[in-house]
Amino acid sequence: MSLWNGRHTAGTALLVSNLDFGLECLLSERAIDSISTHARNKFFETLTGFSDPFVAKEEDVSSEFECSATVWNEDVSREIIGRNKQFSLESIAHLEHIIDGHIGSDGVFRGKVKAFGNWLDGEVEIPIHERLVLPKRRDSSLGPFDLFIATMEFLPQNTSHSKEEYAHIKSLAKLYSGFMLYRDGLRVMPYGREDSDFFEIEQRRSKQAGREFWNHRQMFGRVAISKSVNPNLRNKAGREGIVDNRASKALKDIVENILMQSARRFFGSNSEIRKEILPERNAAYNEAKLEVERKRLKAKQRRDFRNNLRLNIPKQQTLVGALKRLQSQVAASDTLSTENSILKIRDELEGLKEYASLPRPRRQSGQCLITFGAWIRMKIIRRVGL
């Protein structure tokens, strides 16, 4: 709209009418069925990641680039995607697992690694696989590129994040997760979509989930290339993906090597860091969970006690009144003079037991009844001279 209104002098405004089903789904405030939901999600996924969100603001070469999508229904407009990025590096900079670095022309990763909430000391290197031979010819060589990946432990007993952070990151993953490819700050499609597994992340994970660790639906990341140093990574004619040549194969092999080595060294089930940290973290989680259960049980017991006490006040009042009456009778000089009178008192005491059968107040009421019974027995013994 800024181009249409003359606020900007450069750009592209695309106006579409007579929409097909996929675009028509965007007109509704809510999804009608699963097909329309899928179409809307695809549209949102494509436009929200149009420019690279994994760079710091001061390094963002696409900061002057704006992308927005607005739906007009007669004279009412609704913005689907705004000019501001819905997702940025700041959103995930605090995640407990991060790989952030540069891959040189030698295929070696050099950068920073955070594992289980702690940055590893110094610069971390992930060497190229010994069997991988990089192309050297000018028309097939691969230049340097950048890599950023962030994720967390998605089992609550393993993560170092708070409950609130954990829930927030999971909600971000539903909308923005994926491993993408950007050239000069702009996204190269279809990489990063759930149905595009260029780096075979899901294929490896299906064979050994614990060891391979990385999960396309639970990771935020991208490979960033530049046309100036990687001219051999060219777009296909339809601009969906890069041409399958020696340079793209080398890119694929190098990134896969970094994913596999990082999983084994820092994050996956074979990692010594995981073996050292998780038992203590799991024990703390289980103890905290038990403490929550104990507090919940105590709170329930207190509620039950108050409810029972409130419901049984009339019963307790009846018991107290009956005990006072019996006490007055026993105190009289002639009440226990005959065997029949003693048996009568005993029967009345037996009949009062039902009033003492309360879940929590029972001990108090029962103790009162027992104490009174002992007192009566003492009186009987004194009266009959036993």
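**Figure 1. Confidence and overall make-up of the predicted chain.** In this predicted model, the chain has an average pLDDT of 82, and 81% of its residues score at least 70. Over residues 361-366 the pLDDT stays under 50, and for this stretch the model has ten contacts beyond four places in sequence. Where pLDDT is low, the predicted coordinates should not be read in detail. The chain holds eleven helices and ten strands, and buried residues make up 39% of its 386 residues. Of the contacts between residues at least 6 apart in sequence, 64% join residues that are at least 24 apart. The accessible surface comes to about 23,500 Å², and 52% of that surface belongs to carbon and sulfur atoms.

**Figure 2. Helix H8, with its bend at Leu278.** Helix H8 runs over residues 272-311, and its 40 residues reach 59 Å from the first C-alpha to the last, which is close to the 58 Å expected at 1.5 Å a residue. The helix bends by about 30° at Leu278, and a proline, Pro279, follows within four residues. Leu278 is also one of the buried residues of H8, together with Arg274, Arg281 and Asn308, and what covers these buried residues includes helix H7. At the start of H8, a side-chain oxygen of Ser271 comes to within 3.1 Å of the backbone nitrogen of Ile273.

**Figure 3. Helix H7, a mostly covered helix.** Helix H7, made up of residues 246-267, has 22 residues and reaches 30 Å from its first C-alpha to its last, close to the 32 Å expected at 1.5 Å a residue. Of these 22 residues, 16 are buried, and the helix is thus mostly covered. At the start of H7, a side-chain oxygen of Asn245 lies within 3.2 Å of the backbone nitrogen of Ala247.

Figure 4. His216 sits in the loop between helix H6 (209-212) and strand E10 (219-225). With a relative accessible area of 5%, His216 falls under the 20% cut-off and is therefore counted as buried. Its side chain reaches the backbone oxygen of Arg193 at 3.4 Å. Beyond its neighbours within four places in sequence, His216 is in contact with several residues, including Ser177, Gly178, Phe179, Gly192, Arg193 and Glu194.

**Figure 5. Arg137, an exposed loop residue.** Arg137 belongs to the loop between strand E6 (124-126) and strand E7 (145-151), and it is exposed, with a relative accessible area of 56%. The side chain of Arg137 makes a polar contact with the side chain of Asp139, at 2.8 Å. Although Arg137 and Arg246 are 109 residues apart along the chain, their C-alpha atoms are separated by 9.9 Å.

Figure 6. The peptide bond from Met189 to Pro190 is cis, with omega near 5°, and Pro190 has its place in the loop between strand E9 (186-187) and helix H5 (201-207). Phe116, in the loop between strand E4 (109-115) and strand E5 (118-119), has a phi near 55°, a positive value in a residue other than glycine. Phe116 is buried, with a relative accessible area of 2%. Asp184, in the loop between strand E8 (178-183) and E9, likewise is a residue other than glycine with a positive phi, here near 50°, whereas its relative accessibility of 39% makes Asp184 count as partly exposed.

Key:
Residues numbered from 1 in each chain as written. Predicted model: local features only at pLDDT ≥ 70, side-chain atom pairs only at ≥ 80, totals over all residues. Heavy atoms only, no water. pLDDT = per-residue confidence, 0-100. Contact = heavy atoms within 4.5 Å. Helix = DSSP H or I, 4+ residues; strand = E, 2+ residues; numbered from the N terminus. Expected span 1.5 Å × (residues − 1). Bend = angle between axes of the 7 residues up to and from the residue. Buried < 20%, exposed > 50% of the residue type's maximum accessible area, 1.4 Å probe, protein only. Polar contact = N/O pair within 3.5 Å; in protein donor to acceptor, adjacent residues only side chain to side chain. Areas by Shrake-Rupley, 256 points an atom, 1.4 Å probe, with all protein chains shown as cover.
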